[in-house]
Amino acid sequence: MQELFRPRDLSEALAILAARSEVRPAAGCTDLFPATAAPALQGAHIDLTALEELSGISRTPEGFRVGAATTWREAIEADLPPAFEMLKEAAREVGSPQIQNAGTIGGNLCNASPAADGVPCLLALDAQVELASAEGRRMLPLGKFITGPRQTALGPGELLVAVHVPGEAARGASRFLKLGARRYLVISIAMVAVRLVVEEGRVASAAVAVGACSPVARRLEAVEAALVGAEATPALAARVRAADVAAALSPIDDVRADAGYRLEAAAVLVRRAVSELVTHAGECAA
Amino acid sequence: MAQVSMTVNGKPVTGEVEGRTLLVDFLRNGLGLTGTHVGCDTSQCGACVVHVDGRAVKSCTMLALEAEGAEVKTIEGMANPDGSLSVIQQAFQDHHGLQCGFCTPGMVMSAAALLAENPKPTEAEIRHYLDGNLCRCTGYHNIVKAILAASGQDVSIAAE
Ligand SMILES: Cc1cc2nc3c(=O)[nH]c(=O)nc-3n(C[C@H](O)[C@H](O)[C@H](O)COP(=O)(O)OP(=O)(O)OC[C@H]3O[C@@H](n4cnc5c(N)ncnc54)[C@H](O)[C@@H]3O)c2cc1C
Ligand code: FES
Ligand code: FES
């Protein structure tokens, strides 16, 4: 790489990308470097870490805005309602502290690994992504942004600027559970993000997402439907049917686990997350 | 080539780097600070951990130009001003927290970051925090003991 751009201003960054569509974005570089087979990055890059508009988490009239270059560490330290707890739990398990200090939420989404831990959490927060290019801005639901393994809807010259969580989805309590071959520094075999809103002892709304068990992490609508309206008692977890979990997913066999194991793990993790949430039901209240 | 300026161990430094130059290469080859090691070059092992603006990062996973204007601290900046070992370094020596020493600069920098945010960590918290630092010699036990000792805690609480 002979060239590295480090603009401070988003419009400057978008102008560079408009003129030079081969220039690749680089944020925390924690996916870029390990994926580079050569001893150094190849080609021209644009470093996003100096762009103010991409940094930090803020409240907006509509909900919350998470800048694309927000690091995992910043997410852990942010003052956020309990609905975001799953995102913090995921953040605390991304790699190691040094990776959390450098890696960004936007990089996690744009890298679009099926095992990206941020994706199920943000799906369960009904996140929308804000994309910008020199032509203008657009919003997309996260589920439409990641289109396949390592594939996104980013067009030429386009950057992910922020992730937006609507106020309606910032309600309830949440839990993230990840299964790996060991406890730390591990690529997920399966991970689940569950958010429950409990009103008057019943589940008013439920968001359940599973990652690493399909080409792109998914919401499990049938599982959510089986939870809504039910009493928030320890019996709730039994409403998570293995068949509903399996129907939504299409795991692969790989070195980490076979498909059958992944499905079973996903169902167990969803039940565990649900029962942990109802045990602390007070926190699930809207 | 581009110019980069930062503060390293309290001293302002400036150098010429290529866009692709890693922070660790700038420290080692540009500044001759070879205490920061490269073990894996794939962000796994933690031998290259330094502090950038007070936060522990893997310097093999950061471009030198991304540290423009930053305060960088390396293992060379850890000893006391009179040259004696810092409390953490002394504890590594006293508790045999190293054998070949290759991982040690990164271990010390991670330990310092941990103790800055959590001055009295439990044994489990120490082990968790070191998940990004690999050691092939010690089996970690004496490293954990050294960090407990450096935090002023009784090392006998670490399970033998
Ligand atoms: C040791 C180690 C352990 C890890 N553990 C985990 C883990 O447990 N869970 C997990 O999910 N991940 C893990 N990762 C992967 C990685 O740390 C995360 O995915 C991280 O969030 C990536 O962010 P980044 O800023 O470093 O991305 P980068 O490497 O900078 O970028 C990744 C990709 O996204 C593109 N990109 C980045 N930002 C933007 C933007 N704003 N707009 C458009 N394109 C953009 C880049 O061009 C690149 O293609 C690990 C990595 C390492 C090295
Ligand atoms: S050399 Fe940087 S993590 Fe191994
Ligand atoms: S002391 Fe040899 S690798 Fe840790």
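## Where the two chains meet

The contact between the chains takes 22 residues from chain B and 23 residues from chain A; two residues are in contact if their C-beta atoms, placed from the backbone, lie within 7 Å. This is a predicted model, in which local features need pLDDT of at least 70 and side-chain atom pairs count only at pLDDT 80 or more, while totals for chains, interfaces and linings use all residues. Residues are numbered from 1 along each chain as its sequence is written, and chains are lettered from A and ligands numbered from 1 in the order in which they are written.

On the chain B side that touches chain A, strand E4 and helix H4 (123-129) of chain B are the elements that give two or more residues. Helices (H or I, at least four residues) and strands (E, at least two) are DSSP runs, numbered from the N terminus. E4(B) brings the largest share, four residues. By residue type, this side of chain B divides into eight nonpolar, seven polar and seven charged. Here Ala, Val, Leu, Ile, Met, Phe, Trp, Tyr, Cys and Pro count as nonpolar, Asp, Glu, Lys and Arg as charged, and the others, Gly among them, as polar.

## The surroundings of ligand 1

Residues from chains A and B surround ligand 1, so the site is shared between chains. Strand E2 (24-26), helix H5 (105-111) and strand E10 (159-166) of chain A are the elements that give two or more residues to this shell. The largest share, five residues, comes from H5(A).

There are 31 residues around ligand 1, and A:Ala27, A:Gly28, A:Gly95, A:Gly103 and A:Gly107 come nearest; a residue is near a molecule or strand if its C-beta atom, placed from the backbone, lies within 6 Å of it. The shell is made up of 16 nonpolar, eleven polar and four charged residues.

## A four-stranded sheet in chain A

Let's turn to a sheet in chain A. Four strands form an open sheet in the order E11-E12-E13-E14 (chain A), with antiparallel pairing; two strands pair if DSSP finds at least two bridges between them. Strands E11 (173-179) and E14 (218-219) of chain A stand at the edges with a single partner strand each, so one side of each has no neighbour in the sheet. E12 (residues 190-199) and E13 (residues 202-211) of chain A pair in the antiparallel sense over nine bridges. The bridge partner of A:Leu196 in E13(A) is A:Ala206.

Helix H3 (residues 85-93) of chain A packs on the sheet, where it touches E11 and E12 of chain A, and its direction makes about 30° with that of E11(A). Axes are lines fitted to C-alpha atoms, for helices over the stretch in contact, and angles run from 0 to 180 degrees between N-to-C directions. Helix H10 (residues 259-279) of chain A lies across E11, E12 and E13 of chain A, at about 30° to E12(A).

## Two domains in chain B

The domain assignment of chain B gives domain 1 (2-76) and domain 2 (87-153), with bounds that come from an automatic or database assignment. Their C-alpha centres lie 21 Å apart. In the contact between them, 15 residues of domain 1 of chain B meet eleven residues of domain 2 of chain B. Strands E3 (49-52) and E4 (55-58) of chain B each supply at least two residues of the domain 1 side, and the largest share, three residues, comes from E3(B).
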